[in-house]
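Colleague: I would like to learn how to read helix packing and nonpolar cores from a model. Can we go through one case?

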Amino acid sequence: MESASDSDLGLIDLTPQQRNLLLMRPLFQLEFTKHAFSGGGTELRGLLAPIDTNYLCLAALCYMMEGTAVALGYTLAQVQQYLAQLVGCMRDNLTPEQCTRIADIVVDALDNATNNYQEHACEYFHAPSGTMRTARFRLTTYEPDLEDIYRYRPTPEGYLLLMGILDLEVEDHQILIERMLQLLIERGRFDQAYEFARRARVLSIEHRQQLRDFINQAWRAPRLWSRAR
């Protein structure tokens, strides 16, 4: 029986799926290497072994996403404190210092601290060109707000890691709002959910008003609109 050649089979372009899958690589890398982790001295050797670091990484991104709803993000200290509390719930035999250390390790993994905070870089096979390519991305951004306070927020890739598993478009603001409200309500943060819904409503009203004004301008000056197009 003859085997089909590459040209007969063809190469399916799976680039979007591959790139989405690679967003998980930093999480998997931490999970797979945690048993050998010994940073900070012998007293921390094996500290991560019983910890589900995948959960902590996703929880960190989720918390940062929540921060964009109530502020412009959460500070490093807030993220560290939140993760340290989670670690304490996962293992009640750890000291506060150990919980904080694990929180730091998780944040460093998301930030790619071991590679000097550069973009994560993962190789993949690009079927259309038949060559290996490198996907570069960041999962978090750490930037100052209007008051020059540095805050963490997920990048578009970070949002995609949380929601893109369902193949949702991050740019779809309505889906993002609904998902954010659902998360806040599920976590019992009703005051924050209410405030986020109020802000979303204000933005929606402003957006509708801008569209209405734009349509009115086009209606009043159809020739200008025609030339603009």
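Colleague: How are H4 and H6 oriented to each other: roughly parallel or roughly perpendicular?

Modeller: Two packed helices are described by the angle between their axes and by the distance between those axes. This is a predicted model. In it, helix H4 (residues 53–70) packs against helix H6 (residues 96–111) at an angle of about 75°, and the axes are 10 Å apart. Angles of 65 to 115 degrees count as roughly perpendicular, so H4 and H6 are roughly perpendicular to each other.

Colleague: Which residues of H4 and H6 meet?

Modeller: From H4 come Leu56, Cys57, Ala60, Leu61 and Met64; from H6 come Ile102, Val106 and Leu110. By class, this contact has 8 nonpolar residues, with no polar and no charged ones.

Colleague: Which residues in the largest nonpolar core touch the most other members?

Modeller: In soluble globular proteins, nonpolar side chains tend to be buried together. Here the largest nonpolar core has 39 residues, and Val79, Leu83, Ile102 and Leu110 touch the most other members. Elements giving two or more residues to this core include H4, helix H5 (76–90), strand E1 (120–126) and strand E2 (131–137). H6 gives the most, with 8 residues.

Colleague: What does Val79 touch?

Modeller: Not counting residues up to four places away in sequence, Val79 touches Tyr63, Met64, Tyr74, Val107 and Tyr152. There is also a second, separate core of 9 residues, with Met65, Tyr159, Met180 and Leu184 among them.

Colleague: Is Thr53 buried or exposed?

Modeller: Thr53 lies in helix H4. Its relative accessibility is 0%, so Thr53 counts as buried. Leaving aside neighbours within four places in sequence, Thr53 is in contact with Leu30, Glu31, Lys34 and Leu48.

Note on methods. Residues numbered from 1 in each chain as written. Predicted model: local features only at pLDDT ≥ 70, side-chain atom pairs only at ≥ 80, totals over all residues. Heavy atoms only, no water. Axes fitted to C-alpha atoms, helices over the stretch in contact; angles between N-to-C directions. Helix = DSSP H or I, 4+ residues; strand = E, 2+ residues; numbered from the N terminus. Parallel < 35°, antiparallel > 145°, perpendicular 65-115°, else oblique. Contact = heavy atoms within 4.5 Å. Nonpolar A, V, L, I, M, F, W, Y, C, P; charged D, E, K, R; others polar. Core = buried A, V, L, I, M, F, W, Y, C linked by side-chain atoms within 4.5 Å. Buried < 20%, exposed > 50% of the residue type's maximum accessible area, 1.4 Å probe, protein only.
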